[in-house]
Structures are given as C-alpha cells and as structure tokens.
Amino acid sequence: MFDVNKLRADFPILSREVRGVPLVYLDSGATSQKPTQVLDAERHFYETSNAAVHRGAHALAEEATDAYEAARQTIASFVGAKIEEIVFTKNATEGINLVAYAFSNATDKARQGIEVDRRFVVGPGDSIVVTEMEHHANLIPWQELCAKTGATLKWFGLTEEGRLDIQPGVIDSTTKFVSVVHQSNLLGTINPVKEIMDMAHAVGALGMVDLCQSVPHMPVNVHELGADFASWSGHKMLGPTGIGILWGKSDLLNAMPPFLSGGSMIEMVHMDHSTYAPAPQRFEAGVPMAAQAIGLARACDYLSELGMDNVFLHEQELTAYALEELAKIPGVRVIGPTDMRDRGSAVSFVVDGIHPHDVGHLMDAKGVAVRVGHHCCWPTCRRFDVPATTRITTYIYNDKSDIDQAVAGIKSAQEFFGSGIAVSA
Amino acid sequence: MSEDLYQEIILDHYKNPRGKKVEIDSLAQSYQVNPTCGDEVTVEVGQNPDGTLLVSYDGQGCSISQASASVMSELINGKTPAEAAPIQKAFMELMKSKGQLEPDEEVLEDAIAFAGVSKYPARIKCALISWMALADAQIKAQLTAATTQRNG
C-alpha cells in the first residue's frame, strides 16, 4: 500500500488554504487534482518537442508525433486496450456523442440511399436502452438520437438501495444500443456491466459503458467489460482537462461514419467527395491535444506505480469509513448503497432540514470542498425524491482525517441551522 | 465567515416563510429553475382593486433562495408597480455588487440581509431566482411600471 502523506507532496494545491483554513479536497469525482509529474510532463513537451502532430516532416514534428502516439500506447496499456482502439476526444461527453452521432449520421446517410453499416441505422420501432442512474452525458445524447431518428428510449429503473433493477424485457429484440454507467457518480453503485452487455449482444445490439468513475479508481480492462465502446475523461484520473478517451472495437470504429470532419481525418480528398482514414485518426480531426495526451499518459504511469489494486483498496477502506461515520450522525441519510458490496467511492447524502447547498456552503466554510447539486443526474435525484445531494468523493491523496473533517463540517451545519429544525412547508 | 451569508433575517425568513402558497387571484405566473442545483420557484402575480400588486410564491430550495422569495413577497405585496420597480432594481444591483455596495435600508428593508450573498458567485442565482420569476410574471401580466403607466 502507498503512503498518502508522502504522495500528497506531489500535489502542491493540497497544501493551500481556502477561506482561511487548510483545504480538504473531497470533490475528486468532479475533477481530480494533478501531481507535479503530470504538470512537468506537459511542460517538458512544450519546452522541448512542441509541434503540430501528424503533419510536417521536420524534427520537432516527428518527435511530437512520436510522443503523442507513445502516450496513446501508454493509455491503451493502462486499460488493456490495443493502440488502434483508443480515440482522443476533448472529454468523456464528446466520446459518447461521437458514438451517438455515428448512429444519427449513418441513419441520415441510409435515408439518402448511401451505403452504410446497418448496425448503426436506427429508426421507429428500434430502441436504445440506458439506466435511471446515468449522468446527463450518457442520457441526453441518446434522447437526441431518438428524437432525430424516431427510435424509442428505454431504461432500467433503480431499487430503493440504489442498484439497477434489471427486469427482463427492457432489452428486447427491438434494442439496437445499450449504454450503461460502470460506477454511478451520484450513488457510488458499481453495475454488473458484463451481464448487461451480454444481454445486449444476445439480441444483436451494441453496447457502451461510461467509465468516468471507474477507470480512475479501480483496475479496468476494457476487453473484460464485454462492451463495444467505452468513454472516460482524463481530468478525473490525475490528468489534464481537455482530453477524454473513446475506446471502441476496431471493426466497429472503422465501420462508423466520421463525427467531426476536417484535416487529418482523411484518406483522399476531392472537390466533391472524400474518403476517410482508419480509426483512430478518422475521429481526430484538426490538430489534436498532444500535451494533454502526454500529461494523461504520465498520469497513467503515476497510477500504475501506485498499483490500481492498491488505489481501489485504499478507496474501499476510506469509503467504508465514510459510510460508518455518516451512519453515526442523526438526520443524515446516504442516497445509494450503504454497504460495500459492488460499491465505489462516491458517497451522496442528504441532511434532514438542511438543503444540500447550505450543507456544502457550511462545509466549505471549514475548508471542506464537496459537490452539491444534482451531479448531472437529475432523474436519479428525482427517483429518490431529493432535489439535490451533498457528495463526498475521495482519491489517492485523501485519508481518514479528511473524512473526519467532512463529518465535523456536517455537524457544524446541523448546529448552525439547529438540528432537525422544522421548516414550514 | 458563514455569518456574512446567513444573516439572522435570512434564517428567520427561511424557517418562517411569509407569503408562501397564499391563494391569490393571479393574472400570470412564472416558473424558474436553477439548473445547477435544481432549486425551483413559481411566482404568481395579481392586482388589487387599487392597482397594487398581489404576490404569491411556491418553491423548494436552499435557505438563500427560499428566504429571498419570502422577503420579496413581503416587500412587493401591496406596492404599486411603480413603487415596486425601484426596489426590484435596487435588489438586482445589490446582487451584482460583489459585496462592494452599501445597501439602502430605506428601499430594501429586510432584503439588505442579502448583501453578503453577492460575495459568493455560486449563491447569487439562489437569491435572484424568485426576483427573476417576479419580473417575468409581471411582464406576462402587464403589471410592470412601464406597462401600467401606459395602460393607466
């Protein structure tokens, strides 16, 4: 196991004060902090090898391209993928949209009689399946796809405990695509994605998983998930903002129409038509984010040095402690699983009589940074009949003292508002 | 430091809201939502026979949004649109002040308690949401200072 105190020295931001008190950062589910090693890797690239990648033949262009592609290899290896299966996007949201647009673009082209891969054509009578715990990023692109094509959106509901209620008949012969979150960013639930992907494949549908909250926190091998596509972001796993990953099976990526088009995604260009490069270049139009890719690769190395098994164990221990401590505070209710079975490190809760915004504000006054709101999971909040929640998310640089600070912050909010105050309706 | 934000007046209005869910003969209503946190408010406006405004609201949200709605209804109810306009304007200006404006208690009364909110960018929308709903409902009901002057 790694030494939290030692590695905290790699994160200069963690030693700063906010509101006049030391920062306690418990919002890594929104974005993680960045170690010096990642920042140095980006700076080193800009200082020594910066050039536009995949164009030009001068020495710097070659070095930059090599560094960019080496980063792709590192990131691929980190999740057990092949290099040609890794597409760089600006974030996870773009990765999901890229796949959703493959469907709508293929459907549009098919309507005009252009030959496309039929697996990406959807229309009235077809269905797309998601779940009630999806982040808006894995819900709205599919709502839009349905609105454009006439397909129907269906979803798995949730149990009271905050787990997927996997009922037969949701995925059926009409299903063309299934997209499911691996670990819920609001509830912390880890879903049986392999089982769901197998259900999708059994009816001939394709499937995708949203890995934003799993790749940073646990060992993930994309091939073992049983999915066809996966998307996650760099900034939640110690990497820079502005980079996300779409993983896809090569035969599918190469069968998809492009999403963003323009420079460097082409094979041959004429005035009236063009042909496209194979994946991943097909989906990387324009000068890509080389420094961010290099920073993200360094983040992968940083995590690999710690060992993802250790990262997972560390956070499991912290999460168990957080659940235990929250359970001791009267008036605090966790939204999501309260035991550690198939559960990750996002812990959402509500405090009786105090709105989450007020809870978060009073925690912030003690230097404790937590997320408040619906966490881009408005339907999930509605399912549990709460307007919003307060959420603690941990990472490698947190320890039990941070949880203690959070607990003290919650108690101070209760004291401030008067515990259990009755607010007239 | 939390005292900046959570003035006693605010906590009092939060715990004992005034004018909430009062039944009025409404001419228009406006539903507003804060998409970042899910706070919701609906403001209804009507008019008394003497031309003064009737205001009612309902909603759910944080202490700042709920207290602000309560203070707003207390301040605006029974005022003519022409009397209400400078209060609404002063509140908007206060919220944009980043804590740099000394609020005029003569005009804003209890609403001066929200001066501290303007220092917290993430909370300004909470304080403004009901006032935005009021302004929108007034436009729909043609009960703004401008429309009533023209009509009257």
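**Close-up 1. The area buried between chain A and chain B in the predicted model.** In this predicted model, about 1,900 Å² is buried between chain A and chain B, and carbon and sulfur atoms give 62% of that area. On the side of chain A, the residues that lose the most area to chain B are His357(A), His361(A) and Phe416(A), which together make up 30% of what that side buries. Counted by residues in contact, the interface brings 21 residues of chain A together with 28 residues of chain B.

**Close-up 2. Polar contacts and a salt bridge across the interface of chain A and chain B.** The rule finds 1 salt bridge across this interface, and it is formed by Asp358(A) with Arg123(B), whose closest N and O atoms are 2.9 Å apart. Across the interface of these two chains there are also 7 residue pairs in polar contact, with both residues of each pair at pLDDT 80 or more.

**Close-up 3. The elements of chain A that touch chain B.** Helix H10 (356-364) and helix H12 (400-417) of chain A are the elements that give two or more residues to the side touching chain B. The largest share of that side comes from H10(A), which gives 4 residues. When the residues on this side of chain A are sorted by class, 12 are nonpolar, 7 are polar and 2 are charged.

**Close-up 4. The tilted ring pair of Phe45(A) and Tyr46(A).** Over all chains, the count of aromatic pairs comes to 16. In the pair shown here, the ring centres of Phe45(A) and Tyr46(A) lie 5.8 Å apart and the planes stand at 55°, so the pair is tilted. Phe45(A) is buried, with a relative accessible area of 4%, whereas Tyr46(A), with a relative accessible area of 49%, is partly exposed.

**Close-up 5. The edge-to-face ring pair of Phe416(A) and Phe417(A).** The ring centres of Phe416(A) and Phe417(A) are 5.6 Å apart and their planes are at 70°, so this pair counts as edge-to-face. Phe416(A), which is also among the residues of chain A that lose the most area to chain B, is partly exposed at 23% relative accessibility, while Phe417(A) is buried, with a relative accessible area of 0%.

**Close-up 6. A cluster of aromatic residues in chain A.** Here ring pairs link Phe103(A), Phe120(A), Trp142(A), Phe177(A) and Phe229(A) into a cluster.

Definitions and conventions
Residues numbered from 1 in each chain as written. Chains lettered and ligands numbered in written order. Predicted model: local features only at pLDDT ≥ 70, side-chain atom pairs only at ≥ 80, totals over all residues. Heavy atoms only, no water. Contact = heavy atoms within 4.5 Å. Buried area = accessible area lost by both parts, 1.4 Å probe. Salt bridge = Lys/Arg side-chain N within 4 Å of Asp/Glu carboxyl O. Polar contact = N/O pair within 3.5 Å; in protein donor to acceptor, adjacent residues only side chain to side chain. Nonpolar A, V, L, I, M, F, W, Y, C, P; charged D, E, K, R; others polar. Phe/Tyr/Trp six-rings, centres within 6.5 Å; stacked < 30°, edge-to-face > 60°. Buried < 20%, exposed > 50% of the residue type's maximum accessible area, 1.4 Å probe, protein only.
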